[in-house]
Amino acid sequence: MKKSMSSVFFRLLAVMVTLSAALSATAQSHHRLWYACPASGWLEALPIGNSHLGAMVYGGTDVEEIQLNEETFWSGSPYNNNSTTAREHLQEVRQLIFSGQEEKAHKLMDQHFVVGPHGMRFLPLGSVRLKMGHEQVGDYERSLRLSDATTKTRYTHQGISYERQVFASLTDNVIVARLTADQKGALSFALSFDSQLEHEVTAKADQLVATVQNVEQEGIAAGLTAECRIQVVTDGMVKKRNDTLEISKATTATLYIVAATNYVNYHDVSGHPSAKNEAVLKALKGKSYALLLKRHTEKYRGQYERVSLSLPQSETSAWETDKRLAAFAKGASDEALKAGGQADLDLVSLMMQYGRYLLISSSQPGGQPATLQGVWNDKIKAPWDSKYTININTEMNYWPALVANLTETEEPLFSMLRDLKTTGAETAQVLYGCRGWVAHHNTDLWRIAGPVDGTTWGMFPTGGAWLTTQIWQHYLFTGDKDFLRRHYDIMKGAADFLSDYLQAVPQGSPYLQGREGQTWLVTVPTVSPEHGPKGKKTTVTAGSTMDNQIVFDVLTQAVKAAEVLGIEEKENDIRIVTFRNQLAQLPPMQIGRYGQLQEWLQDGDNPTDQHRHISHLYGLYPSNQLSPYHHTELFAAAAKTLEQRGDRATGWSLGWKINFWARMLDGNHAFSIIRNMLHILPHDSLSKAYPEGRTYPNLFDAHPPFQIDGNFGCAAGVCEMLLQSHDGAVHLLPALPDAWRKGSVKGLRARGGFVVDMEWENGQVVNVGIRSEIGGTLRLRSFVPLTGEGLKPAEGSCPNALYAPAEVKEPLISEEWKGEDQPTIRKVYEYDIETRPGQYCRVKREKK
């Protein structure tokens, strides 16, 4: 009987999940980007990708272009950038910094620490071109449909309807382009390939084969060859003409585009691109176009449809995407909203889902992590080389992965961390004589770990350590101990490095001015990313607030992981004891003379400086060291810092600010930042004419130039406005703007292994459904009273370690700061539910 009841339960659960997925799909099926003319440039083209391959589809009628990237096609070849003279100058640098001579230390590090090479660059592969010859067309439309990750171009020419559909298959490692005409034999075009790099194209009976050579950089020899093959299957005729294929008298033609390089891993380039491509094409045989499309869409939807967000539409919601974007700011302005107008809030929903789409398309298991531009780049010299900038940007790329329910997209990041554990161990030993591993503010395909670009930017020894916090967050969201065990050595290695790198601030140092007698351990040398204190002409410092917060997280997480896994008891690991002792000696956060959270140990913040990096609020987001319920003075100081830094910034910085204001529980302010982001910039050349432009016509984020992290930061921020789970409870609608009066969201993940669905009306939660994946206590936090089966008022401290608040030291407060009114914290209601794995809990707003 028990077995029968269990079987019924799981069948019912499966039906509920299926229905939920169907409703989710229906709710977001309208989400698409569309335009009434072909792209005139790359920032109007539409992105598709399967992590391994990326493509930008222009939708041309005279000439169609599909611009290609292959994830392992970079400049250079295996190398490292470890300075062999840094270590002998390390003690001198530390002494100079501690004595207040940071500029002298800066010059010394430029000479001996940041010696280059400064990282290789992500390269464009080339472009597939289709010479259609259709110059005068009608009924034109091109689109990218997020519901199935396909682009479509359709138009009429001389009374004949033409259509092209292009997708990057997640299952079969191929880009597929299908061309059709509605009149038999009316389809004709010439197929070619070109590249900005040295290349050679050979035309075969039904295939183009292109080989492309990478380039050297900073003395690192070129070591990669890429091959691209385009297979043609058609009911028409195919004719070779030099390095071109001419297709004629066809009704249908399908192109299968594959590409590969000789890259095997960061230290091995002995692969065979031809063999890789042949294997992919061989596996395609016997699979029809319809089957390939079905396989792709099923796998894609398996990720994309986990989450849906419904927000109200307006009359502009149906407009072409570029026109819709251009109209958003006016329709969502304070004046329009006060007058009772309806903003196009569905564009916010679209941006959130577009961020999820881009992450799915650029980061899948077995591939490389998403770069500064995802897996899309058309420039020989991409901005900042389109590398992995790990002092904020790569971290931001993966902020949506957990809360937005895309956990598999993290795998390439974890794979890169395992590589860096090896390369970074050599860097840690050679440069600093430390155990463990280190990576600074940049890495690349070859997994370099030394500092690059210059001391101002490069002397950031906590970049790799910051990345490891994603491992711990994955555990907190999933409760997966096997995962934690597999990755613990990466976390422990980062903690080992920091433990060795920490130095005691000597008594008499200006870093202890006004704090004499304190015993503090700090990172030195370091920087607060790309920003220096008032009165100094360098970013070089000791113990920046961001570093102190990262060290706190990394050492704490190593200790907690060891406790969860029983490592300390089994292995009697003395390092865990050391980590605990060092945590007690980290400097507390400090509140400065202007009421701000200090960015440095010195009170050196300038209240009029609106620098794009707000690194010292790492503790607010993505960490959980500043809480309105547990750290009220620090929370107030974070608010003051945000006010001083202002609401305008580069695109990626706006993405971070959305999350900051969500954590401040200020939905209206978070929405104001979103509105600042959703200003159109037609092209980089028009930056002066559109000084506030932060989003391109294809909805890529504008720094400017293009950086994809802003897209991911925005996606994460919207989720964070709707659900938070870092501070002792699963908080429902913690930062809902007044303008978002009605809506629904399905499938957001919370720490503790919970998946949350919500509906709200008049700005208040109405219905909530929560699936418990691993069981355990669910503590809910809400601004309105709730009722539901098994719900009981919460008592005591957080009962679930997976979303427990951080325990931080009391702040030190400047005597010059006289204090002001604290931010108003709304009353909350907290409840507990004891859940079992697989249980779906329903709660709703309590009726008065």
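1. Helix 2 (residues 86-98) and helix 11 (residues 411-432) cross at roughly 60°, and their axes come within 6 Å. Axes here are lines fitted to C-alpha atoms, for helices over the stretch in contact, and angles run from 0 to 180 degrees between N-to-C directions. The two helices are therefore oblique to each other; angles under 35 degrees count as roughly parallel, over 145 as roughly antiparallel, 65 to 115 as roughly perpendicular and the rest as oblique. Helices (H or I, at least four residues) and strands (E, at least two) are DSSP runs, numbered from the N terminus.

2. This is a predicted model, in which local features need pLDDT of at least 70 and side-chain atom pairs count only at pLDDT 80 or more, whereas totals for chains, interfaces and linings use all residues. Residues are numbered from 1 along each chain as its sequence is written, and side-chain values use heavy atoms, with hydrogens and water left out.

3. Helix 2 contributes A86, R87 and L90 to its contact with helix 11, which supplies Q429, V430, L431 and Y432; contact means heavy atoms within 4.5 Å. By class, the residues of this contact are 5 nonpolar, 1 polar and 1 charged. Ala, Val, Leu, Ile, Met, Phe, Trp, Tyr, Cys and Pro count as nonpolar, Asp, Glu, Lys and Arg as charged, and the others, Gly among them, as polar.

4. Helix 2 also holds F98, whose partner Y511 lies in the loop between strand 20 (503-504) and strand 21 (521-522). The ring centres of F98 and Y511 are 6.3 Å apart and the planes stand at 85°, so the pair is edge-to-face. Rings of Phe, Tyr and Trp (its six-membered ring) pair if their centres lie within 6.5 Å; planes under 30 degrees apart count as stacked, over 60 as edge-to-face and the rest as tilted. The pair links distant parts of the chain, 413 residues apart. By this rule there are 26 aromatic pairs.

5. Helix 14 (residues 481-501) packs with helix 17 (residues 574-583) at an angle of about 55°, with the axes 11 Å apart. That makes helix 14 oblique to helix 17.

6. An open sheet of 5 strands runs in the order 25-26-30-34-32, with mixed pairing; two strands pair if DSSP finds at least two bridges between them. Strand 25 (723-724) and strand 32 (792-793) are the edge strands, each pairing on one side only. Strand 32 pairs with strand 34 (residues 829-835) in the antiparallel sense over 2 bridges, and P793 stands opposite Y831 in strand 34.
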